[in-house]
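Hi there,

Here is the structure I promised to pass on to you. Have a look at it first, and then read my notes below.

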Amino acid sequence: MTQQDRERIASGLADKLSYGEIARRIDRPTSTITREIARNGGPVGYRPQQAHQATIQRARRGTPAPPRADTPPDGLMEEELLERAVRAGMPRITARVHHDLMLSEDGRRTAAELTHRLKVSPASISVAVNYLLQQGFVRRERDPQRRRDIYVVDDDAWYHAIMTSERQTLETARATMAAAETYGLDSPVGQRLARTAAYLERVSLDIMESADRWRTLLA
């Protein structure tokens, strides 16, 4: 990686781009960007000149890059999973909340715990968990003794998320068919919309059937 590449990484971090966006900007794999940042100070402490010099010195010594003291052995993999979730369309803070719940011992956190662990505002946590609730990734439990909500991700989370997504696609298919009928099923537009609706409906029903059939794998 060149000095110019590292300058562009620093610029991307300053612009608050995701690792995936930075990777696309300099035409590198996201995993490469993730490792580069993690081993050279992290997103806050990354300095391109120091990173470049450190790489040159390591190459001369023939030694591998030292791990960061505050990065666990699987930290790079965790960051890659986060980046994949963001590239799939999940907001970054929402992805961090989901990831933290998935990696918790019992899959349970309160809003206060999430706020403390992720160092973001309560309002940001509220927006994130509402998104996850709507998409079926988590469920809410009430602690009556302490009057607080507990957010839970369980073994069925992905099943519920898939079913929620496909129900939404079915609604889109039905709305598209209604539009096709409005234009007239014998018109070019109506025929195009009807084909789209039929495709979306068939694919969604197939996915829902498959999710039901393989649900036992989550047990």
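This is a predicted model: local features need pLDDT of at least 70, side-chain atom pairs count only at pLDDT 80 or more; totals for chains, interfaces and linings use all residues.

The side chain of Glu141 meets that of Arg108 in a salt bridge, with 2.9 Å from N to O. This pair links distant parts of the chain, since Arg108 is in strand E1 (residues 108-110) and Glu141 is in strand E2 (residues 139-143), 33 residues apart. Arg108 has 27% relative accessibility and therefore counts as partly exposed too.

Why can such pairs form? Side chains of opposite charge can pair when their charged atoms come close.

How many salt bridges does the count come to? The count is 14. Another of them is between Arg117 and Asp100, at 2.8 Å from N to O. Here as well the pair links distant parts of the chain: Arg117 is in helix H8 (residues 111-118), Asp100 is in helix H7 (residues 92-103), and they are 17 residues apart. Is Asp100 buried or exposed? With 9% relative accessibility, Asp100 counts as buried, whereas Arg117, at 43%, counts as partly exposed.

Asp149 and Arg140 also form a salt bridge, and their closest N and O atoms are 3.4 Å apart. Asp149 is partly exposed at 23% relative accessibility, and Arg140 is partly exposed with a relative accessible area of 42%.

Now to the helices. The axes of helix H1 (residues 3-14) and helix H2 (residues 19-26) come within 10 Å and cross at roughly 145°. This crossing is right-handed. On the H1 side, the contact is made by Asp5, Arg8, Ile9, Ser11, Gly12 and Leu13, and on the H2 side by Tyr19, Ile22, Arg25 and Ile26. These residues divide into five nonpolar, two polar and three charged.

H2 also meets helix H3 (residues 30-38): their axes come within 8 Å and cross at roughly 110°. Because angles of 65 to 115 degrees count as roughly perpendicular, H2 is roughly perpendicular to H3. The crossing of H2 and H3 is right-handed. Which residues meet there? Tyr19, Gly20, Ile22, Ala23 and Ile26 in H2 meet Thr30, Ile33, Thr34 and Ile37 in H3. This contact has six nonpolar residues, three polar ones and no charged ones.

One alanine to look up

Ala194 counts as buried because its relative accessibility is 18%, and the limit for buried is under 20%. Leaving aside residues up to four places away in sequence, Ala194 touches Met177, Ala180 and Leu185. Ala180 is 14 residues from Ala194 in sequence, while their C-alpha atoms are 5.5 Å apart in space.

Enjoy exploring, and write back with any questions.

Best wishes

Methods
Residues are numbered from 1 along each chain as its sequence is written. Side-chain values use heavy atoms; hydrogens and water are left out. Axes are lines fitted to C-alpha atoms, for helices over the stretch in contact, and angles run from 0 to 180 degrees between N-to-C directions. Helices (H or I, at least four residues) and strands (E, at least two) are DSSP runs, numbered from the N terminus. A crossing is left-handed if the near helix is turned anticlockwise from the far one by less than a right angle, and right-handed if clockwise. Contact means heavy atoms within 4.5 Å. Ala, Val, Leu, Ile, Met, Phe, Trp, Tyr, Cys and Pro count as nonpolar, Asp, Glu, Lys and Arg as charged, and the others, Gly among them, as polar. A salt bridge is a side-chain nitrogen of Lys or Arg within 4 Å of a carboxyl oxygen of Asp or Glu. Buried means under 20% relative accessible area, exposed over 50%, partly exposed in between (1.4 Å probe, protein chains only). Angles under 35 degrees count as roughly parallel, over 145 as roughly antiparallel, 65 to 115 as roughly perpendicular and the rest as oblique.
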